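Q: Could you walk me through this model slowly, starting with the words I need?

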Amino acid sequence: MKLLIIQFARPLDRAEAERIELWYGRHKWPRTRLEAGSRDLENPCSFGWAPSDDWFNLQWQRAAIRRELLAADTVAVSFQPLHAEMPETADYPVTFRRALAFRLDGPQANPVRQIRVFTDSPPTTSTLRIELDRGRHTPARFIGISTYNATTTVDRLDCASTRWFDLTVRHMLPAHRYSGDDGHVTFTLDDDQAFTVSLSSLYQLGPIWFEPLGVYLRRSEDPTSFDEYRARFRGQQTINQRVLAAQEQSLAGALNGQPNPHAVSYILACPLHPQRFRLEINGDLVMERWPVVDPPARPNPRFRNTGLGRMFFGLDRWIITARHVDPAPSPAHNLRARLGQVVVEQKAFAAPLGKPFDAILSHDDTVVAMVRFTFTNMGQTPAPARLSVRYSSDSARSRNPRDPKSSTEDDHLVPRSRLDPLIATDGIIASTLQGESVLRCMYQSTMTASAAQDAVQFHQQLLPGQSCQLLLKVPYVAVDQPHELQTLKQLDFDASLTEANEFWARHCARGAQVVVPEPRLNELHLSHLMHVAQTDLLMPDGSGLINTSVGTSTYGNFSNESCMIIHDLHERGLFDEARKRLELWIKYQGTAPQPGNFTDYKGMYYGAAGFERGAYNQHHGWVLWCLAEHYLFTRDQAWLRSVADSMIAGCDWVFRQRKNTMQPLPHSRGWERGFLPAGSLEDATDFYYWLSTNSLTWRGVAHAAAALAKIDHHEAPRLLREAEAYRRDLIRGFEINRKHSPVVRLRDGRWVPHYPSRLYCRGRDIGWIRETLEGAVYLLISGLYSPTSQQASWILDDYQDNRYPSPPFGYAIPDFSGDWFCRAGFSIQPNLLAGLMPHLDRDEPQIAIWMFFNAFAACYREQIGAMVEHPMPQLGYSNNAHFKTSDQANSLVWLRHLLVHYDDESLYFGRAMPRAWLADGQHVGIRDMHTPFGRVSLWYESRVASGRINASLELALHQPPARCLLRVRDPQNRGLRSVSLNGQPCAAFDPKTGDIDLSGMSGRIEVVCDLAGLGTGGR
């Protein structure tokens, strides 16, 4: 607000005017300055975390104002530069205030008659031409008119005698995108169908054709007729339509259509243990403090570093020619570099000290990084092999990408760190810390070692073709006992690596396995269990429970993402591993609060013995859903009965909190009736009635109630009624909000409704986290709205056309026409949001395949055989939160669902199998995948050169699905001519889609499919 003009009931003198004070409500502003160079389009990734004020966390700020008596009863209030009230804002001397509320203090006996508030946005007047029955019949006898940030003298249009109208509206032209000054006009038809248009959108993108109701709007000075508008968009398609018309995407296409990614670090760790080394891209070794020392861990006093420990090898000054892991699921990482004619190969992995790999390690056990350097003279003349070892007890990780403004690291991404003095004697490198000698590593080599203050230099002259080795054994903590030193000395590199490979091979061979023609997918699916074990933590209390972490030595237990990891374990059939993670939340239920207007936390799932993380009100709903899913997968009635009281308490917490919004609330229009109280979304912590929080919480209580009903629990009928009432309240609130949010344009020229990410938000929210990652697609993912509904079509088209590929809601695609096919179809943080699953539910396999491959390519890093969390600030770069096991788990779940998909009633085999995977001679399949119906296996054998595809299935079902279909997607899009099941002719198939009805069958099923002619196939 820029200016207030206040009219009082009676005249006032100048002295009374000077006593007027103005207070305004703020919280994050002016630390957050959306109006001042937010760079939302240039760097949408970072902008997604922009804080925003909300109605519930305001603090009242006394404004520095000027008062001017305009008339005997009227005072103008303007603002002094901001630093007059906040000296720390001298760099921001604005004369407006960004506020969600204001309060006046003035003459008590003189009531205020009128207040007019002015902003920086200039006023204007527009005349709208409204035409009905454009493209389809408009079902209206009359249309009601209402406005927001605008005024008009008309409140009703009579459609009985005419089907076009002119409407004059007075509104503002917003000074910037985040001014909140956009004028809206809402049109309500006689059967309560309603939609809203943004006058800014009409100016910038108009005309507007609201296709669902056949209404066409333009400014009166815009001569574009409806036919001309349709001609402008003739031949243009939505992204979904383009994908359906294009050749099916492949993983190679996605990888080659995105920027080649920068290198990232790797993790060296033992299972479920806190000591995890980070191997940087230049081969340096980093020892993290968390969770070894920092709370809530039980501090290990032998972690002898004041900050992060880092061992430097200086290979960033060499030419690094290769980085790769050994064949999956080996934990060993390799780096190859060259300096002159000498080549060095570094191989590294982690091993427990003094215990076998399959032992259960306590937190006090020690993990050792085994790092071997092999130097080879590749030249024709003698050359020296050299390596400098340095150490800092107060260093940092490397960052990617480089920040040119940073003074903390050099251009090689190596932190500028204070180096510790080093000594080398008797095969030991030690540093001095706080006056004490601390062992940093043992070494074995034929190379000569010499210490010089802050470095130990290793040197050996090599003849042409000659090699030498240096082995460093780096304990995570300082070992100092004679038996430990002896054990460390005897630790053998080759024997330990063999043992490590054998252990991880056994570990990763458990549960579901996939075989597809893409080796990257096969290896990631195999290695994922290793990454999870290296990231999670066995609780130190002897309970046997496991804390699920979602980013190795970076993130703690974010319940929502932990449930994604557990969901993957469920589908793999690793139920005991899942249970040990789920029961941690049961043990600590109600022990940790979430930020929100909640009245209590009794029954809330979030606490995890101090490892819980994230102001995510959705955590509770995710855990409830995952607990219910555990029963649906295992059918373990004894277990469900043992946790039923906890789950009921979790449901009752939701139902109890809902009652707080069923009563009159200040500043409320009643849209939120029956929602959870306003609270934090996630990393965006502003308090609102969030769509994703409520949709996911409803999913949790609905699934919990359904699971308890399956065991005839006496509380199930009540919980089911409460869950249904919650569902009705949510749909009512979301539909009211949709009617008041401006329609959005698709790429084919249609305008469709927009579902905001929170109640009372009239349009797009701020940044990708709020608008995309936590947006309306959760109405479909949660099951609140049917994936085949009209609302789903609106939401999915809006996501593909406007959210995924458009800053500030998605990554920038500068050459959109050339690059959209490989760079669109996913959110920032591409593998966290399950946006492709509704397309699978809608039986749109081409779109699901396209989204899967593009999201995978954005995050997969070949050098480490794993996924990163964020390509940021743009594709090709990344943060360093890997292994990002939650995002990786999602991707692998989606991979399996291309092969075996299910919903509440049906089981689909091969629904979205990429056609290219069934090229002649290919064998594709999945073994022992678990679903809510039971365990299934599927195997395809392609003989398409002979016109045949065979399939074998094994169905061990504990509950038969209502419908079970097998699909054959021929590479040349041929349909089916004939089918046999277990040697008998079968007529229950669709020749065009390739669907074969297996409903009612179980056990072993052999299918032989003879293909029809070219072009006869469908989906």
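A: Let me begin with a term: a residue is called buried under 20% relative accessible area, exposed over 50%, and partly exposed in between, using a 1.4 Å probe and protein chains only. This is a predicted model, in which local features need pLDDT of at least 70 and side-chain atom pairs count only at pLDDT 80 or more, while totals for chains, interfaces and linings use all residues. Residues are numbered from 1 along each chain as its sequence is written, and side-chain values use heavy atoms, leaving out hydrogens and water.

Q: ok, are aspartate 797 and arginine 750 buried or exposed?

A: Both aspartate 797 and arginine 750 are buried. They form a salt bridge, with their closest N and O atoms 3.7 Å apart, where a salt bridge is a side-chain nitrogen of Lys or Arg within 4 Å of a carboxyl oxygen of Asp or Glu.

Q: and where do aspartate 797 and arginine 750 lie?

A: Aspartate 797 lies in helix 18 (residues 790–803) and arginine 750 in the loop between strand 35 (744–745) and strand 36 (751–752), so the pair ties together parts that are 47 residues apart in sequence. Helices (H or I, at least four residues) and strands (E, at least two) are DSSP runs, numbered from the N terminus.

Q: how many salt bridges does the structure hold?

A: The structure holds 72 salt bridges. One of them joins the side chains of aspartate 190 and arginine 141, at 3.1 Å from N to O. Here aspartate 190 counts as partly exposed, at 23% relative accessibility, whereas arginine 141 is exposed, with a relative accessible area of 57%.

Q: switching topic, in what order do the strands of the open sheet come?

A: The open sheet has 4 strands in the order 39-40-44-47, with mixed pairing, and two strands pair if DSSP finds at least two bridges between them. Strand 39 (900–902) and strand 47 (995–997) stand at the edges with a single partner strand each, so one side of each is left without a neighbour in the sheet.

Q: how many bridges join strand 44 to strand 47?

A: There are 3 bridges between strand 44 (residues 963–967) and strand 47, and these strands run antiparallel. Leucine 965, for instance, has aspartate 997 in strand 47 as its bridge partner.

Q: last one, which residues have the most contacts inside the largest nonpolar core?

A: Phe375, Leu472 and Ile996 do, in a core of 243 residues. A nonpolar core is a set of buried Ala, Val, Leu, Ile, Met, Phe, Trp, Tyr and Cys residues joined through side-chain atoms within 4.5 Å.
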